[in-house]
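Hi,

Here is the structure I promised to pass on to you. Have a look at it first, and then read on for what turned up in it.

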Amino acid sequence: MLRIDKLNHQQLSSQTMVPSVRTHLPIPLALLALLICTGTACLAPRALAQSQQPAPKPQQPDTSPTDSGGPGSDSGPIVVPKKKAQPDDTPPPPAPVAPTVKNPAGLPPVSLRIEVPEVTVDVGVLLEKTHQFVPGLKPANFKVFEDGKEQKVIGFKRIEAPITALLICEFASTSYQFIYDMRNAAWDFTQQLRPQDYVALMTFDMRTQILTDFTQDKRQLLEAINSLRIPGFSERNLFDAVYEGLDRVSRIDGEKYIIVIASGRDTFSKITWDKMMDKIRKTPDVTIFTISTGGFARAMTEGRGGFNGQLRDMDYLQADNEMKTMARMTGGMSFQPRFTGEYPDDFNAINQAIRSKYELIYHPTNSRQDGSFRKLQVELVDEEGHPLQIQDEKHKPLKYELIFRNGYKARQEVE
């Protein structure tokens with residue numbers, strides 16, 4: 001056994017007094033106790049020496065100005081940094097890069113396109129007596145209705161442009177009077193053409209035939225009309241001819257016109273009346289004008305010939321009604337002249353209706369693209385919304401008529 005209390009007391013006598021501890025420990029434990037006491041005695045003087053040293057003075061902040069004009073540390077007075085002078089030729093910052101969008105894996109590229117329907121209505125305003133165009137109307141004078149609902153007109157202008165027309169003439173071996181009227185009417189129509197107009201000539205009896213394709217040469221048209229001498233068949237397939245004519249002009253962009261010069265009777269067509277009318281409804285931007293032939297011959301034989309004569313009269317009355325229906329449905333005009341002297345005035349009215357019109361544009365409230373037929377109605381009103389009254393120089397009321405297409409077929413969403 002070793003006594004370690006005396007050794008510990010001597011080492012710590014100069015610093016502090018440690019109570020003596022008398023312990024009887026085994027040899028290994030005694031050595032461990034001796035080491036612990038020795039370490040404590042060695043550390044104590046160092047800690048005491050550090051505690052006796054004077055406390056360091058607080059470091060003063062560096063308030064010397066820096067290159068930017070402010071203090072060098074976070075403390076001290078606040079000074080706005082100086083702005084460095086930038087050269088004038090500093091290029092602008094680059095444009096932001098457009099974000100790249102990637103579709104999920106396995107999904108093909110998808111594009112979205114939204115189309116706003118737009119309807120254009122050409123309206124002719126003509127005096128009933130003289131067929132003169134009524135100028136000077138304003139957008140507020142027009143009201144457009146689609147299926148009975150008023151539409152807001154967003155575009156308005158007066159147009160007067162060259163025409164693109166197909167002349168369909170009946171050339172059948174029925175009566176010379178009908179051929180004579182047809183040739184005179186076609187001649188008068190050609191005489192009123194202008195150099196910028198495009199016109200084609202098609203004849204029909206049992207079948208159709210293109211005599212002249214679309215051309216601006218009036219002489220070529222006149223020569224083709226003069227060549228109509230001896231017809232081939234007595235059948236008059238009017239429905240087939242109109243159907244084929246609509247199919248031809250539908251390939252041409254813009255507004256087109258069909259001038260039908262015929263008796264109006266149909267005897268052997270493969271196309272029915274309903275099918276032809278459906279074709280008229282589905283063909284956009286086409287206006288039909290009709291001229292009935294044989295008026296003088298019909299007037300001379302009207303009511304004669306007993307029962308057969310009455311049947312013939314009924315046939316021509318039905319023919320006149322069909323010619324009127326085709327024209328009015330497309331916004332055209334129909335004429336039944338009896339004398340050849342009426343042709344110049346009739347075709348002058350057609351030229352007035354074709355070349356001078358008001359163009360109205362609107363976005364329909366019914367924006368569905370379902371392929372349905374939409375009925376149109378146009379009215380003229382004054383500033384107070386009442387029906388427009390037109391007077392002549394002597395303040396006498398003048399009757400007028402509106403020429404416009406009675407409807408259109410909406411686009412099919414998937415065609």
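The side chains of Arg265 and Asp315 come together in a salt bridge, with 3.5 Å from N to O. Arg265 sits in the loop between S8 and helix H6 (273-282), while Asp315 belongs to helix H8 (residues 306-329), so this pair ties together parts that are 50 residues apart in sequence. Asp315 is partly exposed, at a relative accessible area of 31%. Please keep in mind as you read that this is a predicted model.

Arg248 forms one with Glu244, where the closest N and O atoms are 3.3 Å apart. These two residues are four apart in helix H5 (residues 238-249), which means that about one helical turn separates Arg248 from Glu244. Arg248 is partly exposed, with a relative accessible area of 35%, and Glu244 also counts as partly exposed, at 26%. Another salt bridge joins the side chains of Asp217 and Arg219, at 3.6 Å from N to O. Here Asp217 is partly exposed at 30% relative accessibility, whereas Arg219 is exposed, with a relative accessible area of 62%. There is also a network of salt bridges that links Glu146, Arg368, Asp370 and Arg374.

In what order do the six strands of the open sheet run? The order is S7-S6-S5-S8-S9-S10, and the pairing is mixed. Strand S7 (208-215) and strand S10 (334-335) stand at the edges with a single partner strand each, so one side of each has no neighbour in the sheet. Strand S8 (residues 256-262) pairs with S9 in the parallel sense, over seven bridges. Within that pair, Ile258 stands opposite Ile288 in S9. Helix H3 (residues 176-191) packs on the sheet, where it touches strand S5 (164-170), strand S6 (198-204), S8 and S9. The direction of H3 makes about 165 degrees with that of S5. Helix H4 (residues 218-226) lies across S6 and S7, and runs at about 165 degrees to S7.

Setting aside residues up to four places away in sequence, Thr287 touches Glu255, Lys256, Tyr257, Ile258, Thr330, Gly331, Gly332 and Lys357.

Thr190, which is found in helix H3, is buried as well, with a relative accessible area of 1%. Leaving out neighbours within four places in sequence, Thr190 is in contact with Lys218, Leu221, Leu222 and Ile225.

Back in helix H5 you will find Phe239. Phe239 is buried, at a relative accessible area of 8%. Not counting residues up to four places away in sequence, Phe239 touches Asp266, Ser269, Ile271, Thr272, Trp273, Met276 and Glu322. Phe239 and Lys275 are 36 residues apart in sequence, and their C-alpha atoms are 8.9 Å apart in space.

Another part to look at is strand S1 (residues 119-127), which is mostly covered, with eight of its nine residues buried. S1 pairs in the antiparallel sense with strand S11 (residues 357-362), over five bridges, and Ile361 in S11 is the bridge partner of Thr120. S1 also pairs in the antiparallel sense with strand S15 (residues 400-403), over four bridges. In that pairing, Gly124 has Ile403 in S15 as its bridge partner.

Finally, the surface. Which residues form a nonpolar patch there? They are Met206, Phe233 and Phe268, and together they have about 290 Å² of accessible area. Met206 lies in the loop between S6 and S7 and is partly exposed, at 36% relative accessibility.

Technical notes:
Residues numbered from 1 in each chain as written. Predicted model: local features only at pLDDT ≥ 70, side-chain atom pairs only at ≥ 80, totals over all residues. Heavy atoms only, no water. Contact = heavy atoms within 4.5 Å. Pairing = 2+ DSSP bridges. Axes fitted to C-alpha atoms, helices over the stretch in contact; angles between N-to-C directions. Patch = residues over 30% accessible without salt bridge, like charges linked within 9 Å, V, L, I, M, F, W, Y side chains within 5 Å. Areas by Shrake-Rupley, 256 points an atom, 1.4 Å probe, with all protein chains shown as cover. Salt bridge = Lys/Arg side-chain N within 4 Å of Asp/Glu carboxyl O. Buried < 20%, exposed > 50% of the residue type's maximum accessible area, 1.4 Å probe, protein only.
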